[in-house]
Amino acid sequence: MRRLLFVANWKTHLGPDEARAYLKTFLAQYRPTEGREVWFFPPAVSVEAVAQTIRHQAGLLAGAQNVYWEPKGAFTGEISAPLAAAAGARAVLIGHSERRHVFGESDADTERKLSAVLDAKLVPVLCVGETLAEREAGQTLGVVTRQLEAALGRRQPAALQHVTVAYEPVWAIGTGKNATPHDAADVHRDIRRWLAARGAKTPRILYGGSVNLKNAAELLAERELDGVLVGGASLDPEAWGALVRTAAD
Ligand code: PGA
């Protein structure tokens, strides 16, 4: 049976009370479906509210959008992987394009963070993807491979088994311009090949970038996609509830 993962990245939206209200609406129409999982990545201050609210629900999980790589210490303003875990997070986004391009995170930073997340026994969701200029210059594969190599190149196959990869072309994020299923599938195949060559047997590869209720069915019809990572279209609980049922009824 095909397994699908629907990831909601709330970015800098929905505080604890709003998160609880959102989940009340979402859960009122959520039906667990075999082979489908829904992961929520709220802002750090709402991780505990989300984790507590969904804790008895099958198929749902809470994660953190970012962590610092040190487990603890004098790092004002940062949260660590063990602290995220203590709040109820089970997964962490690593190398999201906004971390890379707004906050200047380097490939080396993504490697340190990924390592910290694995050490804390959390699931890393590693985001990779090219800018428009890189795509137009024919560098998509080179950029994605460089990002994979930097974050995962020194990992043993056993660790790679725990990593989920999200292909998110930077030009598609928040722009309303999604990659075609065909273009996404091309890059997914390259990522799958890269992971397979390093012993990862069943890698899960998501697509992200302007996924919404209208285009989700067409994207998910492409078998290379093991799921979607969704920002803007995950903020409305009813629309998100409908999106996670895409082609399930
Ligand atoms: P978007 O964001 O769905 O709003 O394009 C996706 C993401 O940043 O993960």
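Visitor: Which residues does serine 97 touch, not counting residues up to four places away in sequence?
Guide: Contact means heavy atoms within 4.5 Å, and on that criterion serine 97 touches Val102, Val170 and Ile173 once residues up to four places away in sequence are not counted. This is a predicted model, in which local features need pLDDT of at least 70 and side-chain atom pairs count only at pLDDT 80 or more, whereas totals for chains, interfaces and linings use all residues. Residues are numbered from 1 along each chain as its sequence is written, and side-chain values use heavy atoms, with hydrogens and water left out.

Visitor: Is serine 97 buried or exposed?
Guide: Buried means under 20% relative accessible area, exposed over 50%, and partly exposed in between, with a 1.4 Å probe and protein chains only. Serine 97 counts as buried because its relative accessibility is 10%. Its place is in helix H4, residues 97–101, where helices (H or I, at least four residues) and strands (E, at least two) are DSSP runs numbered from the N terminus.

Visitor: How does one read the span of a helix, and which residues of H1 are buried?
Guide: The expected span is 1.5 Å times one less than the number of residues. Helix H1, residues 16–29, has 14 residues and reaches 21 Å from its first C-alpha to its last, close to the 20 Å expected. Its buried residues are Ala19, Tyr22, Leu23, Phe26 and Leu27; they lie on the same side of H1 because they cover an arc of only 125° around the axis, the arc being that of the directions from the helix axis to the C-beta atoms. The face turned away from this buried side carries the exposed residues Asp17, Lys24 and Ala28.

Visitor: What covers the buried residues of H1?
Guide: The cover includes strand E2 (36–41), helix H2 (47–54), strand E3 (60–64) and helix H11 (237–243).

Visitor: How do the axes of H1 and H2 cross?
Guide: Axes are lines fitted to C-alpha atoms, for helices over the stretch in contact, and angles run from 0 to 180 degrees between N-to-C directions. Those of H1 and H2 come within 8 Å and cross at roughly 30°, and the two helices are therefore roughly parallel to each other, given that angles under 35 degrees count as roughly parallel, over 145 as roughly antiparallel, 65 to 115 as roughly perpendicular and the rest as oblique. The contact is made by Pro16, Ala19, Arg20, Leu23 and Leu27 of H1 and by Ala49, Val50, Thr53 and Ile54 of H2.
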